[in-house]
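Please keep the sequence and the model in view while reading.

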Amino acid sequence: MNRTTVSLIAGVAALAAVTGFASMSEPQASGTDTAEAAAQLPVERTSLLCPTPSTSDLAETAYTSFTPVTKGTGTDGKAELVAAGAQSADGESDGSGSGDGDGKQDGKGDGGESGKKEKPVLTPKEPGKPVTAEASGAESPALVGTAEGRFAPGWTVQQTTEVEAGDGRGLLGTNCSAPDTDFWFPGASTAKERTDYVHLTNPDDSAAVADIELYGKDGALKSTVGEGIKIPPHAGESVLLSTLIDEPETNLTVHVTVRSGRVAAAVQAVDDTLGGDWLAASAAPAGSLVLPGIPKDATSVRLVAFVPGDVDADLKVRLASPTGMITPAGHETLHVKAGMTAAVDLGDVTRGEAGSLVLTPTGTSAPVVAALRVVRGKGDNQETAFIPATGPVGARATAADNRAKGSTLSLVAPGRGAKVKVTASAGSDGGTAASKTYTIRAGTTQNVRLPEPSGLKGTYALTVERLSGGPVHASRMLEAAEGGVPMFTVQTLPDDRGTVKVPNAEQDLSVLQK
């Protein structure tokens, strides 16, 4: 019996550390046994997937990989990104050698050329230092990445694409994401001026099968075309939303569910006049949501919300400003009918100050998902980005691909005040890391002055750690002016899930043997 117990506990611990998705819930009882019975260990393997960057021949894409230094990881490990379709069935890349991050990657469609031997697009050298790679044009493929050992905890890859003109114009940024089976995207559209694609990328050795459901202002939109979409192994598929329904719908919620396997999912949203960006998935449905980091010079902000269940939601709408919570005039509450997409235009809600939107129930809570469409600029010089609801920073979160100019970090404490530490890493081409501690007052948003790595060369990563106090939510805005157009993109910073709680075998055995 004792041997069985040891094997079971050790197996659970190993599985949790390798996958990064398992955890042991703490009992509610008081005492010291809880702390002693679980250990916080670094994950040993992480998977990330990057969608096909663009269909524009003018696209210039930068990939930035970064792993923060994590205690207890040992000295072994590796990480690499390869073109989707360039992996063998055992999960190893088909190419030989290792990429040095200095070359440009050319691929074929979403999945590259099957069986083609090629080097990894990007191979990090050491935790604590970013590594970059570049790709050009419309033929750049989706990427599949795996990090192991010391590179796995908190591994972050940023994909940033600049398109100077034409279709897809803008600065389109996204965090390459982990595979999952359920995604919500409020804020999509099939209006005549919009071209929105859902990108699905499969990291595994067998095909995945996914369904795409669409919900408009009047509820579910019937479509059989979105059912049973097959994504081949180690490959990506993109689906044009307007082909799934007959009539245009201005404000949509997209629900992606996976019947078989797992995928990474993201929506690329392009407007004929307002540019475009990636729309990342909203945080899981919840009664209260935080949408951090609305640019202070936003000229138009639209809130899109959806209730997945069968009970309506009534939400209190508040803006966490630099001085505290305020209620936008005329938009104190939002009623969202069950199964229907609701949208409200908040205008220039931030009025020249940093701000984050906080949604809370007015009464009984009904889980919701939400996102913001944000516009900067005026006239012909306007640009769009999206801010989905996101979870808190938790223990740690990272945004890669920051430049000497054009990066803004927004921190919001929607409840109690908090103290956070922000570390700017060494640069990809040189420099020394720097850290700074900030206090975020309760109910406020702060665009903090970033620590500056000394001797910075290249791009750097920002890592946020909550030291004390209440939950903190964060986002990073990256901007680049081009021909008078205020191009920008916003990425949220949820917890990187770099560690996982696993049972302490010795403690558990001692309890069983009493």
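Is Thr390 buried or exposed?

1. The structure is a predicted model. In it, Thr390 has a relative accessible area of 7%. Because buried means under 20% relative accessible area, Thr390 counts as buried.

2. Thr390 belongs to the loop that lies between strand S27 (381-388) and S28. Residues up to four places away in sequence aside, Thr390 touches Ala283, Val290, Pro292, His473, Ala474, Thr492 and Pro494. The C-alpha atoms of Thr390 and Gln491 are separated by 9.9 Å, although these residues are 101 residues apart along the chain.

3. Strand S28 belongs to an open sheet of 4 strands, with the order S28-S35-S30-S32 and antiparallel pairing. Strand S28 (397-402) and strand S32 (434-440) stand at the edges; each has a single partner strand, so one side of each lacks a neighbour in the sheet. On average, neighbouring strands of this sheet are turned by 20° against each other, direction ignored.

4. The pairing of S28 with strand S35 (residues 460-469) is antiparallel and comprises 4 bridges. Here Ala399 stands opposite Leu462 in S35.

5. Strand S29 (residues 407-413) and S33 run antiparallel and are joined by 5 bridges. Ser410 stands opposite Asn447 in S33.

Technical notes
Residues numbered from 1 in each chain as written. Predicted model: local features only at pLDDT ≥ 70, side-chain atom pairs only at ≥ 80, totals over all residues. Heavy atoms only, no water. Pairing = 2+ DSSP bridges. Helix = DSSP H or I, 4+ residues; strand = E, 2+ residues; numbered from the N terminus. Axes fitted to C-alpha atoms, helices over the stretch in contact; angles between N-to-C directions. Buried < 20%, exposed > 50% of the residue type's maximum accessible area, 1.4 Å probe, protein only. Contact = heavy atoms within 4.5 Å.
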